[in-house]
Amino acid sequence: MLQFILILVALGGLLEVMRREAGAVPAIGVLVITGLVGVLFGTPILGTLLLIAGTLLAIPGVPALRRRLLSPRIFALFDKAAPKVSDTERSALEAGTVSWDGELFSGKPTWQRLLDYRDDGLTEEERTFIDHQCSVAAGMCNGWEIARERADLPEALWDYLKKEGFFGMIIPKQYGGLGFSAKAQSAVLQKLAVNETLMVSVGVPNSLGPGELLLKYGTQAQKDHYLPRLADGREIPCFGLTGPRAGSDATSLPDTGIVCRGMHNGEEVLGLRLNFEKRWITLAPIATVVGLAFRMFDPEHLLGEDTDLGITCALIPRDTEGMEIGRRHHPVGSPFMNGPIVGKDVFIPLDYIIGGPSMAGQGWRMLVECLSVGRCITLPSGASGVGRYAIGWTGGYSRIRRQFNMPVADMEGVQEPLARLTAHAYIAQAAVMQTANLIDHGEKPAVPSAILKSQLTEFQRNILADAMDIHGGRAVTLGPRNYLGLGWSAVPVSITVEGANIMTRNLMIFGQGAIRCHPFVLKELAAKEAQDLRAFDKAFFGHIGLIFGNAARAWLQGLGIGRPSVPFDEVATPYARDVSRLSAAFGLCADAAMISVGSGLKKREMLSARLGDVLSNLYLTSMVLKQWQAGDNVEHEAALLHYSCRTLLFRAEQALVELLDNLPNRALAKSLKFIVMPLGRRWEKPQDSLTRDIAKAVSMDTPLRRKLISDTWDQQGPGQQDNPLARYNALLAEYERAEPIYRAISKAYAKGELPAEALHPEQRLEAALDAGLVSEDDARFMRHYEREVLDMLTVDDFAFDAFASHKDKVVWHDAA
Ligand SMILES: Cc1cc2nc3c(=O)[nH]c(=O)nc-3n(C[C@H](O)[C@H](O)[C@H](O)COP(=O)(O)OP(=O)(O)OC[C@H]3O[C@@H](n4cnc5c(N)ncnc54)[C@H](O)[C@@H]3O)c2cc1C
């Protein structure tokens, strides 16, 4: 009996020490005390074993001992085995900051840190801009005309965008820009997402381009010259990195800038002779100034000893001799300005380098640093904005579209994709706004930028697929009345640009996150580089403590013991606790994968992607919880929170299971499964009852629907293009009155109280009026309502040869 009690006490004590990461000394204490009790009170064998275990633990556990006996050996092994970090990788690793992503990696996130990033909302000026200027701009867009008739935004819209400063949202007021916060910039882009071409045309100059590079790295003269001109649209920028040979692997670009002497403004100066071929450059066809990335060489050593100076960024005016610019590519679904740029022996002075000659070779670092902010905002905001409109349009359409005598929104088969798209849009809103809030607090979230870019653009694809399915033929038929089809066909653009999604998911999120956010890996690598044994010892044994701590936390919390206290209300608490549990499980599995697969993990992308998926889903859940805790939640929003968190945690667990099912070391994988899921999986997909609740709420005029589609273009202004969202909102506002009339008429028709030949709703209405089943007032209301419904159901048709751009190639079939 005493033996059993001692084993229990020793194990329990050790687990508690591990869970608290209290260090080796208390663990040695547990073993020594239980050992002594065993030896003194009748179980000498067990007591001796415990004392031996305590002594063995003292070697790694007592710093003075281990530094002498263990650390030098481990350091030598690590020195050989650890991957070498290339300069390119180092730039990516050093870019940006670590915030909530680091907490998730630690295995014991401190939620208060996330909540401490207060959200103070938008300024009055930003709010007015979103309400007014964005509505005006959105109201000037006729998607069909832009995509198919002019393949451009209308001139009046370009002028308006320039005049109102849309291209200078990130430029500070002192240079004539709007100086908007990240949240405001995101809100603007979300509203403009009503039209993909508009969103991209405004998003790109405010992100990852000359404006941002100049702000961060430009010389004062460059800032003074360009920033005011970029802010008011006198200059339209583009940025050329990609070429035929260098896409995802952008650092392999073969474009060169050779240091040489040349003529500039009638004077001989030191400069660069550029030869380059770029493609897919957004805004290039109309750009007045080109940001260009190239590899800089100094073969004649005119600047110094180095021959290969590395990737460099310069700003080149459009009319510079030798540059061919102006041709267009034709991106799928959206005719935003995009085209190639070719340069042959283009000579520029050295001070065209962004930041001046001293920034030669710093181009890649500059780009990845900018990526950490821009990539959090532009495309994720586009995705979130698309989500808002998709809820508005699809909720509206599914309510007014009646089949089988009922709105399709009341059919469970339709409710499933409707709720799913709503949840994706809800998660996207939370992720993009809360991450923008982190940026407004000074963070430059590098790993979250990869998470948001890839996850939210995938959401966008799923949201639009669900919206298309629910709209059926209404959205399949292209034409001026179709508000969905062009955006749907443009989705691959968001998926591909700013780090194509397959690469971002497989390579970057975990590959970058593992090193960047891990509490110890970067320190271990730095110690290796510096050959600093003491620093290595501290990092390495801290790392070991973390592994044991995560194992204990994951196992105990998996058993439902020692749940962390979290600062959330009772609705959100179970999810926050489980994010903490899965964070410990993730931390442990990440370490296990890195140790067992080693540097080969870089190539085992399917494993790396699943680890990235766990991190991504935990990050997104955290953002949803943060938004919930901060927000003015409305009726039915709890259903959406449950649905969203369950979906995300289900996905996180799924990724964890798939990781463990595929980890090459099977014994390790089985042990990990026992530790991280001692009672099996915890999360199922959301219940049907949640699906029904959400679908109903977004297809009716409810506070939840109004909240989810807030800050969209939803008012029909005078002289503006047709606004389907405003029209759906108006129909939904009257739906409660229309539905009982529909039902009464259908019932009467089914009972034979109305003429059998009254097949059209309009005919039945008149027959019902004649039969005294509806009042004159209701009949008047319904005539108008039905007219509007029919108009919203109507699709376009065209002349037989309308789609042929070469009329002489049209085959006039006999029937035509
Ligand atoms: C419409 C449009 C606008 C653009 N705008 C600009 C711009 O303004 N400026 C600019 O410089 N560039 C721009 N680009 C280029 C864009 O950034 C690249 O298309 C993108 O980086 C991917 O390169 P790629 O298309 O050549 O794909 P590739 O690099 O050829 O990749 C092919 C596939 O392989 C995957 N892949 C590649 N490497 C890996 C890996 N290691 N692991 C897993 N999967 C991998 C990719 O995810 C992709 O699915 C634009 C592109 C388009 C289409």
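Visitor: Which residues are buried in α32?

Guide: Buried means under 20% relative accessible area, with exposed over 50% and partly exposed in between (1.4 Å probe, protein chains only). In α32, they are Pro-724, Leu-725, Ala-726, Arg-727, Tyr-728, Asn-729, Leu-731 and Leu-732. Helices are DSSP runs (H or I, at least four residues), numbered from the N terminus. This is a predicted model, in which local features need pLDDT of at least 70 and side-chain atom pairs pLDDT 80 or more, while totals for chains, interfaces and linings use all residues. Residues are numbered from 1 along each chain as its sequence is written, and side-chain values use heavy atoms, leaving out hydrogens and water.

Visitor: Why is α32 largely enclosed by the rest of the structure?

Guide: Because 8 of the 10 residues of this helix (724–733) are buried, α32 is largely enclosed. Contact means heavy atoms within 4.5 Å. The buried residues of α32 pack against α17, α19, α31, α33 and α35.

Visitor: What caps the N-terminal end of α32?

Guide: A polar contact is a pair of N or O atoms within 3.5 Å; within protein, one must be able to donate a hydrogen and the other to accept it, and residues adjacent in sequence count only if both atoms are side-chain atoms. Here the cap is Asn-723, with a side-chain oxygen 3.0 Å from the backbone nitrogen of Leu-725.

Visitor: Which side chain has an N or O atom 2.6 Å from an oxygen atom of the ligand?

Guide: That side chain belongs to Ser-248. A backbone N or O atom of Met-503 lies 3.1 Å from a ligand oxygen.

Technical notes:
Helix = DSSP H or I, 4+ residues; strand = E, 2+ residues; numbered from the N terminus.
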